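Let's take a friendly walk through a protein model, one part at a time. Keep the structure in view and try to find each residue as we come to it.

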Amino acid sequence: MASLWLEVDGQRPQVVRLFRPVTTIGSSTDNDVALPNAGLEPTHAQVHKEGAAFRVVGMLRDMTVNGRRDRKHVLQTGDVVRFGGVTMTFFARDEDVPKPPPPVERAPAGEPPAVTVEVVS
């Protein structure tokens, strides 16, 4: 199954499986991939499954694929698509998708750890 490695500024990467005929991406919760804090329009882009191929379609003119501005593009493994605060990398096979990093463990709330300060005169 084809997948997108999805990175949004300031968030952990996630993997999105492409199993629908059309996968919508945008800020609205009506989308298949809702990204409310990524600087996107309500529906910003779509990924269309066309037989064995996948085509990304940008609804605005801000989409780039592999560094080149494009409005529509047939995706190949490793293609990097950027729009708003989103970077997506396309993978035709699940086994090629990187594993997301483990969540960052935060220090428990409460007193900060002790700090030693050495004064040099």
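## The overall picture

The protein has 0 helices and 11 strands. Written along the sequence, the pattern is β-β-β-β-β-β-β-β-β-β-β. Keep in mind that this is a predicted model.

How much of the protein is buried? Of its 121 residues, 36% are buried. The protein exposes about 8100 Å², and carbon and sulfur atoms supply 51% of that area.

## A sheet of five strands

Which strands make up the open sheet, and in what order? The order is β4-β3-β5-β6-β9, with mixed pairing. At the edges are β4 (33-34) and β9 (72-74), each pairing on one side only.

Start with β3 (residues 22-26), where 4 of the 5 residues are buried. Strand β3 runs parallel to β4, joined by 2 bridges, and Ile-25 stands opposite Val-33 in β4. Strand β3 is also joined to β5 by 4 bridges, and here the strands run antiparallel. Look for Thr-23, whose bridge partner in β5 is Val-47.

Now move on from β5 (residues 45-50) to β6 (residues 53-58): these two strands pair in the antiparallel sense over 6 bridges.

Is β11 mostly covered or mostly uncovered? It is mostly covered, with 6 of its 6 residues buried. This holds for both faces: Val-86, Met-88 and Phe-90 are buried on one side, and Thr-87, Thr-89 and Phe-91 are buried on the other.

Strand β11 has pairing partners to look for, too. One is β1, which pairs with β11 in the antiparallel sense over 6 bridges; in this pairing, Val-8 stands opposite Val-86. Another is β10, joined to β11 by 4 bridges and also running antiparallel, with Val-81 standing opposite Met-88. The hairpin of β10 and β11 has 2 residues between the strands, and Gly-84 takes a positive phi near 55° there.

## The nonpolar core

In soluble globular proteins, nonpolar side chains tend to be buried together. In this model, the largest nonpolar core has 23 residues. Which of them touch the most other members? They are Ile-25, Leu-35, Phe-83, Val-86 and Met-88. Strands β1 (3-8), β5, β6, β10 (80-83) and β11 each supply at least two residues of this core.

Leaving aside neighbours within four places in sequence, Met-88 is in contact with Leu-4, Trp-5, Leu-6, Ile-25, Val-56, Asp-79, Val-80, Val-81 and Phe-83.

Phe-54 and Phe-90 form it, with their rings 5.7 Å apart from centre to centre and 50° between the planes, so the pair counts as tilted. The pair links distant parts of the chain, as Phe-54 is in strand β6 and Phe-90 is in strand β11 (residues 86-91), 36 residues apart. Phe-54 has a relative accessible area of 8% and is buried, while Phe-90 is buried with a value of 3%.

Next, find Leu-18 in the loop between β2 (14-17) and β3. Why does Leu-18 count as buried? Its relative accessible area is 3%, and buried means under 20%, so Leu-18 qualifies. Beyond its neighbours within four places in sequence, Leu-18 is in contact with several residues, including Met-1, Val-47, Phe-54 and Phe-90. Leu-18 and Ser-3 are 15 residues apart in sequence, yet 5.3 Å apart in space, C-alpha to C-alpha.

## A last stop: Asn-66

Finish in the loop between β7 (64-65) and β8 (68-69), where you will find Asn-66. This residue has a positive phi of about 55° although it is not a glycine. Asn-66 is partly exposed, with a relative accessible area of 43%.

Conventions: Residues numbered from 1 in each chain as written. Predicted model: local features only at pLDDT ≥ 70, side-chain atom pairs only at ≥ 80, totals over all residues. Heavy atoms only, no water. Buried < 20%, exposed > 50% of the residue type's maximum accessible area, 1.4 Å probe, protein only. Areas by Shrake-Rupley, 256 points an atom, 1.4 Å probe, with all protein chains shown as cover. Pairing = 2+ DSSP bridges. Phe/Tyr/Trp six-rings, centres within 6.5 Å; stacked < 30°, edge-to-face > 60°. Contact = heavy atoms within 4.5 Å. Core = buried A, V, L, I, M, F, W, Y, C linked by side-chain atoms within 4.5 Å.
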